[in-house]
Amino acid sequence: MESTISILNPATVSDIEQELRSIGVSHRGTDIMKEKLIFYVIKLEKVDTRAANILKQTMLSKGAEAAVSAGTVNLSASHTDVIIGATRHQLRQAIIRLKEQPWGLREIAEQLESFFDIK
């Protein structure tokens with residue numbers, strides 16, 4: 001029998017739970033993996049560059065990514081847009097750390113938490 005390949009694009013935790021159940025993953029395995037199999041690409045606009053530098057480092061420390069403008073590192077720009085690429089699990093872990101940070105990062109963390117219904 002020849003293997004086949006398909007691309008899954010689960011939008012919600014429920015979607016990925018259904019996919020995992022369909023291949024016979026245990027309940028415990030589903031609980032462990034479900035947030036690691038949902039990937040988000042998020043754009044934040046007009047972020048203070050000081051905050052963007054912390055945001056980028058936080059995301060990188062969690063295994064995620066954050067793209068910022070070239071003027072962010074040397075603070076030659078006052079604000080930047082940020083594009084984040086992260087699994088739901090990485091985002092959850094980053095939110096915990098971002099809530100402890102200055103320059104509006106607590107508010108960004110709370111917005112992300114609310115938007116993605118992360119408790």
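Helices (H or I, at least four residues) and strands (E, at least two) are DSSP runs, numbered from the N terminus. The model is predicted: local features need pLDDT of at least 70, side-chain atom pairs count only at pLDDT 80 or more, and totals for chains, interfaces and linings use all residues. Residues are numbered from 1 along each chain as its sequence is written, and side-chain values use heavy atoms, leaving out hydrogens and water.

**View 1. Thr 72 in its loop.** Thr 72 sits in the loop that runs between strand 2 (65–67) and strand 3 (79–87). Thr 72 counts as buried because its relative accessibility is 0%. Buried means under 20% relative accessible area, exposed over 50%, and partly exposed in between (1.4 Å probe, protein chains only). Leaving aside residues up to four places away in sequence, Thr 72 touches Thr 49, Ala 52, Asn 53 and Thr 80. Contact means heavy atoms within 4.5 Å.

View 2. Helix 1 covers residues 13–22, and its buried residues are Val 13, Ile 16, Glu 17 and Leu 20. Seen down the helix axis, these buried residues fall within an arc of 105 degrees, so they line one face of helix 1. The arc is that of the directions from the helix axis to the C-beta atoms. An α-helix has 3.6 residues a turn, so residues three or four places apart point the same way. The buried residues of helix 1 pack against helix 2 and helix 4 (88–98). On the other side, Gln 18 and Ser 22 are exposed.

**View 3. Just after helix 1.** Here Gly 24 takes a positive phi of about 90 degrees.

**View 4. Ile 32 in helix 2.** Ile 32 lies in helix 2 (residues 27–33). Ile 32 is partly exposed, with a relative accessible area of 41%.
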